[in-house]
Amino acid sequence: MYDVSNPHYMGDHTGTRKFRRVLLKLSGEALREPGSTDNISPPIVEDIAAQIKAAHQTGLEIAVVVGGGNFWRGVSASNKGMERATADYMGMLATVMNSLALQSMLEAMDVPTRVQSAIEMKNVAEPFIRRVATRHLELGRVVIFAAGTGNPFFSTDTTAALRASEVGADCVFKATKVDGIYCSDPNKNPDAVRFDTISFHDCLTKQLKVMDATAFSLCMENNMPIIVFSMNEPDNIRRALVGESMGTLVNASGKDA
Ligand SMILES: Nc1ncnc2c1ncn2[C@@H]1O[C@H](COP(=O)(O)OP(=O)(O)OP(=O)(O)O)[C@@H](O)[C@H]1O
Ligand SMILES: O=c1ccn([C@@H]2O[C@H](COP(=O)(O)O)[C@@H](O)[C@H]2O)c(=O)[nH]1
């Protein structure tokens, strides 16, 4: 089992890991059906929503950050000549679309939700207000944080680290396209070896690119554990959130309990 020495850990007598409040970071790119020209696949979003609902029904408080890579990445556009800050704002707007898609599917399943946006757009989402977000979570609403940090030159991984710290989450769950953190990018190096656990420090010094350094640093400073796991396996999001061991755990010690 994971890291019972962590102060956020809430183990029970069965030895199963349980969390009170978590921050789920969803890959934007994973919302797109491979090979499709549609940026968002409603069936994929519906499946994710069903898994969040199942985890939510166990009493878990869930905050969500969705990436925007299925629509737009600021750095890619700036490499092709667009001004970086403008390109980044476009990326943040992309995350709002993904957030609304997830909210729509969750609400269709009777899961109470709020979307809070870091860029004010009050016709479609609440503004981000930390204390309001925390209250929503206490009341059992799934809170989806849209528009990243509201600042260019950042990422939604950093947003996840920031919002998790702000709302006092116990852990960041990064649901992505790979099944954990490897010694090098497994999509480029088929011989890369996966870590079960690793320290924040090692992620930074080894320059492991699965999350950006700002996100790792913020989690390190706030002693916020991260679990990186694949969202491509059936039911993995629910299983991870309710405490099944999977993927790679990142913490201060780089060791499991
Ligand atoms: N050491 C590593 N271990 C695991 N994955 C790595 C590593 N280095 C690079 N990667 C890459 O990081 C990717 C995951 O991060 P990425 O930022 O691309 O996606 P995301 O945050 O899940 O999605 P999005 O940006 O669409 O929201 C993986 O698909 C993998 O190719
Ligand atoms: O705080 C933030 C968060 C995101 N962005 C921009 O949005 C895109 C999409 O986010 P991903 O993390 O890549 O999924 C990102 O490439 C940035 O351009 C931002 O500027 N600030």
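Guide: A residue is buried if 20 or more other C-beta atoms lie within 10 Å of its own, exposed if 12 or fewer, and partly exposed in between, with C-beta atoms placed from the backbone. This is a predicted model, in which local features need pLDDT of at least 70 and side-chain atom pairs count only at pLDDT 80 or more, while totals for chains, interfaces and linings use all residues. Residues are numbered from 1 along each chain as its sequence is written, and chains are lettered from A and ligands numbered from 1 in the order in which they are written.

Visitor: Why is T176 called buried?
Guide: T176 has 23 other C-beta atoms within 10 Å. The cut-off is 20 or more, so T176 counts as buried.

Visitor: Where is T176, and what does it touch?
Guide: T176 is in strand β6, residues 171-176. Helices (H or I, at least four residues) and strands (E, at least two) are DSSP runs, numbered from the N terminus. Leaving out residues up to four places away in sequence, T176 touches S27, V228, S230 and M231; contact means C-beta atoms, placed from the backbone, within 7 Å.

Visitor: What makes R73 buried?
Guide: R73 has 20 C-beta neighbours inside 10 Å, so it counts as buried. R73 is placed in the loop between β2 and α2 (74-79).

Visitor: Which residues does UniProt list under "binding site"?
Guide: The unreviewed entry lists K25, L26, S27, G28, G69, R73, T176, Y182 and D185. They span 161 residues in sequence and their farthest two C-alpha atoms are 23.1 Å apart, so they do not all gather at one spot. UniProt positions are given in the numbering used here, feature names are shortened, and annotations may be inferred rather than shown by experiment.

Visitor: How do you know that the span of helix α1 agrees with its number of residues?
Guide: The expected span is 1.5 Å times one less than the number of residues. Helix α1 (residues 42-56) has 15 residues and should span 21 Å; its end C-alpha atoms are 20 Å apart, which agrees.

Visitor: Which residues of α1 are buried?
Guide: They are V45, I48, A49, Q51, I52, A55 and H56. They cover an arc of only 160 degrees around the axis, so they are on the same side of α1. The arc is that of the directions from the helix axis to the C-beta atoms.

Visitor: What covers the buried residues of α1?
Guide: The cover includes β1 (21-26), β2 (61-66), α3 (84-108), β5 (142-146) and α8 (236-241).

Methods:
Contact = placed C-beta atoms within 7 Å.
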